[in-house]
Amino acid sequence: MKTYANLAEFESATGHELGPTDWVEVGQERINLFADATDDHQWIHVDPLRAKDGPFGGTIAHGLLTLSLLPRFMHELYSVEGVKMAINYGFNKARFITPVAVGAKIRASARVEQVTRVGDAVQATLITTIDIDGATKPAAVVESIVRYVG
């Protein structure tokens, strides 16, 4: 994990490569809990018997479940010390490239694309790639924005 001592140090992080994180297994229980939390019970996610004969040969994680693991990954990739708070400011782009099959392991790496001062805060745009163990293409590529208030 990369630790930035303060906002001033983080301001110079443009271009830094971060990661990768540890692998995280995406099991059926996690998928089912996400389905319950979001009321998205589509069979490709929660019905292993039906999904076995479906387009992916088994259940897959929701794309938004993959995206929801971004905070976990960011906490493993880097930290900025001496700040009052961090705010998830949003996303410029999110693409779900390869389905995450039940039981697959995923991890993330990121590049700090841009860091700018915004008043008493520092805002960063990160491009994060979420890889699947053994896959040739990533599960997702996400351009996210985070704001740190000093």
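Student: Which residues does T125 touch, not counting residues up to four places away in sequence?
Tutor: This model is predicted. T125 lies in strand 7. Leaving out residues up to four places away in sequence, T125 touches N92, R111, V112, E113, Q114, E143, S144 and I145.

Student: Does T125 count as buried or exposed?
Tutor: A residue is called buried when its relative accessible area is under 20%. T125 has a relative accessibility of 11%, so T125 counts as buried.

Student: S144 is among the residues that T125 touches. Where is S144 found, and what does S144 contact beyond its neighbours within four places in sequence?
Tutor: S144 is found in strand 8, which covers residues 140-149. With neighbours within four places in sequence left aside, the contacts of S144 are L70, G90, F91, A124, T125 and L126.

Student: Why does S144 count as buried?
Tutor: The cut-off for a buried residue is under 20% relative accessible area. S144 counts as buried because its relative accessibility is 7%.

Student: How many bridges join strand 6 to strand 7?
Tutor: Strand 7 spans residues 121-132 and runs antiparallel to strand 6. One of the facing pairs is S109 with T129 in strand 7. The number of bridges joining strand 6 to strand 7 is 12.

Student: Which residue in the turn between strand 6 and strand 7 has a positive phi?
Tutor: Strand 6 and strand 7 form a hairpin, with two residues between them. In that turn, the residue with a positive phi, about 65°, is G119.

Student: Which residue of strand 6 is the bridge partner of E17?
Tutor: Strand 2, residues 17-18, pairs with strand 6, residues 105-118, in the antiparallel sense. Two bridges make up this pairing. The bridge partner of E17 in strand 6 is R111.

Student: What is the bridge partner of E25 in strand 6?
Tutor: Strand 3 consists of residues 24-25. Strand 3 and strand 6 run antiparallel and are joined by two bridges. In strand 6, E25 has as its bridge partner K105.

Student: What is omega for the peptide bond from G19 to P20?
Tutor: P20 lies in the loop between strand 2 and strand 3. The peptide bond from G19 to P20 is cis, with omega near 15°.

Student: Why do the buried residues of helix 2 line one face of the helix?
Tutor: Helix 2 covers residues 28-38, and its buried residues are Q28, I31, F34 and A35. Seen down the helix axis, these buried residues line one face because they fall within an arc of 125°.

Student: Which residues are exposed on the other side of helix 2, and which helices do its buried residues pack against?
Tutor: On the other side of helix 2, the exposed residues are E29, L33 and A37. The buried residues of helix 2 pack against helix 3 (43-46), helix 4 (48-52) and helix 5 (63-68).

Student: What arc do the buried residues of helix 6 cover around its axis?
Tutor: In helix 6, residues 70-77, the buried residues are L70, F73, M74 and L77. They lie on the same side of helix 6, because around the axis they cover an arc of only 100°.

Student: How far is the C-alpha atom of T136 from that of T98?
Tutor: T136 is found in the loop between strand 7 and strand 8. At 83% relative accessibility, T136 counts as exposed. T136 and T98 are 38 residues apart along the chain, and their C-alpha atoms are separated by 9.2 Å.

Student: What percentage of the residues of the chain count as buried?
Tutor: The chain contains six helices and eight strands. Of its 150 residues, the share that count as buried is 39%.

Terms used
Residues numbered from 1 in each chain as written. Predicted model: local features only at pLDDT ≥ 70, side-chain atom pairs only at ≥ 80, totals over all residues. Heavy atoms only, no water. Helix = DSSP H or I, 4+ residues; strand = E, 2+ residues; numbered from the N terminus. Buried < 20%, exposed > 50% of the residue type's maximum accessible area, 1.4 Å probe, protein only. Arc of directions from axis to C-beta. Contact = heavy atoms within 4.5 Å. Pairing = 2+ DSSP bridges.
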